[in-house]
Amino acid sequence: MNHSKINQAVIYDTTLRDGSQAEGVSFTVTAKLRVAEKLDQFGVDYIEGGWPGSNPRDMAFFEKATDLNLNHAKIAAFGSTRRALINVEDDPQIKLLLEANTPVVTIFGKSWLLHVTDVLRTTPEENLAMIEDSVRYLKEQGKEVIYYAEHFFDGYTSNPEYALSTLAAAEKGGANFLVLCETNGGKLVPEVSEATQVVVENFPNTKVGMHCHNDAGVGVAVSLAGVEVGAVMVQGTMNGYGERNGNANLTTIIPNLELKMDLRTNCGSHLSKLRDLSFFIDDATNLRPDIRAPYVGAASFAHKGGVHADAASKSNRSYEHIDPALVGNRTRVLVSDMSGRSSIMMKAKEMGMEVDGRSPEMKSFLEELKRLEFQGYEFEAADASFDLLLKRFLRGEDPAFKVLRYHVGVSSEEGTDESSSEATVKLKVKDEIRHVVAEGNGPVSALDHALRKALEKDFPFIQEVRLVDFTVRILESNLGTDAITRVHVESTDGNKTWGTVGVSDNVITASWEALVDSVSHKIQIESLGNS
Ligand SMILES: [Zn+2]
């Protein structure tokens, strides 16, 4: 029986410490500070900033973090208990933890006897003393102390009495939280749930937390299972960053707590900013967002195919588990050769156009779409190219400019590593001819520079546009010719992001096509905004 059902959960974010262990993730000190501010604005309760003993970058973060103006979140420094057989006040690593000057200190100790004897090479009794001394000493220095029972669940499996005695030592030292760590990430829900319940029952006076990893793909599930049986704190990282398969993902956990388990968190009133936060974190680390991430992914509420799209257009809820707006996401209709009139019409509606599904224009548009898709075009990630195509067909809209000619050359100097590219672009804008030359470090960037230079006189806002991603795919040709190239470009003006596509048997032509669509889209959204 569960008597410990809670109604408020505490969110502890370790993106900046455990999350930065992930492959491909590296935060500069400045990025760490910006992320900390953003996490605070989102309502996170604790932000673990790093391990002051592990590298100078983390110490620099703690120095600057004291100047941050946080509304709510408390910054925690992470480290370990004292070493064996020395006085806690003489331990250099404990000294660094105090020097970090944070209100909260999180220290980890060993719960698994195997690690005590084989890794620490000390006695079970000394390990208990290390835990108790360290917690007590830090408490005496005025810190809030979060005790972090490393490998708790593996330790509990091999020797439950000993694992529980390590928690008792931390409690005796005065720990504010006992956090149970699923460090190796391999346990499933029943085992984690059962052990957590035992802890909650044995330590009714100290709050319990969960720190889980995702190696068995259930990091979120085991964290929530712990909460179900009375754990109060949930630790994790935004977007599930972390070493190996990552930590339990807070961008999944927080909406699950709020929307599925009816538990309140301090992030609840900011939930509609969840998707923005997720993007911000990916941007800070230069990682590509995971389109399939629950709640926040670009694909989370995307519908493809006639039947789904049709049903979704009638009632979104029939194919969506929540209202996407609750987490700042939205329904998307994917365009593909599987889709029929209804999804095109829904897409058009999304773009603010009313169209007649039975009109001859619609029929010719669908034929054109099929032809392009057969050639290798894919519009799912190229909303802006699709938008331009649809408007050209259904509204007969003229392009804002006409391309008369373009040319690009690459030259490299013998005996050096240097090469440069130069592009010439000739356009007709209204009745004026614009003819410019520009350089770039490669042919595509030279073309991009020349195109924007040619347009900036008539459309000054073009200067805001920059390319954020450029991908090239070689496709098997459907047409019995040589392989063809599909280029996908993602652009931003700092406010919106849009995708465009180009296809050709020549990579330069395909790139040019995607670049032209990109600037055309910007011109179109600006002219709509000003009309
Ligand atoms: Zn961890």
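Which residues coordinate the zinc ion? Here are some notes on that and on a few other features; please keep in mind that this is a predicted model.

1. **The zinc site.** Asp18 (OD), His211 (NE2) and His213 (NE2) coordinate the zinc ion, at 2.0 to 2.1 Å. Along the chain, the donors follow the spacing D-x192-H-x1-H. Asp18 sits in the loop between β1 (10–13) and α1 (29–42), while His211 belongs to strand β7 (residues 207–212), so the pair ties together parts that are 193 residues apart in sequence.

2. Are Asp18 and His211 buried or exposed? Asp18 has a relative accessibility of 5% and counts as buried, because the cut-off for that class is under 20% relative accessible area. His211 is buried too, with a relative accessible area of 2%.

3. **Strand β1 and its two faces.** In a regular strand, side chains alternate between the two faces of the sheet. For β1, both faces are covered. Val10 and Tyr12 lie on one side, Ile11 and Asp13 lie on the other, and all of them are buried.

4. **Neighbours of β1.** Which strands pair with β1? One is strand β8 (residues 233–236), which pairs with β1 in the parallel sense over 4 bridges. Within β8, Met233 is the bridge partner of Val10. Another is strand β2 (residues 46–50), also parallel to β1, with 2 bridges. Here Asp13 stands opposite Ile47 in β2. To get from β1 to β2 the chain passes through α1, and this β-α-β crossover is right-handed.

5. **The second largest pocket.** If you are looking at cavities and pockets for your own calculations, here is one to look at. The second largest pocket has a volume of about 570 Å³. It is lined by 26 residues, of which Leu388, Arg392, Pro399, Asp517 and Ser520 are the closest to its centre.

6. Which element gives the most to the lining of the second largest pocket? That is α17, with 9 residues. Sorted by class, the lining of the second largest pocket has 14 nonpolar, 8 charged and 4 polar residues. Among the residues closest to the centre of this pocket are Arg392 and Asp517, both of which belong to the charged class.

Methods
Residues numbered from 1 in each chain as written. Predicted model: local features only at pLDDT ≥ 70, side-chain atom pairs only at ≥ 80, totals over all residues. Heavy atoms only, no water. Donors = N, O, S within 2.8 Å, 3.2 Å for Na, K, Ca; no water. Buried < 20%, exposed > 50% of the residue type's maximum accessible area, 1.4 Å probe, protein only. 1 Å grid on protein atoms, 1.4 Å probe; cavity = no way out; pocket = protein on both sides within 12 Å on 5 of 7 lines; lining within 4 Å. Points joined across faces, edges and corners; volume = space filled by probe spheres on them. Pairing = 2+ DSSP bridges. Right-handed = clockwise from strand over helix to strand, strands pointing away.
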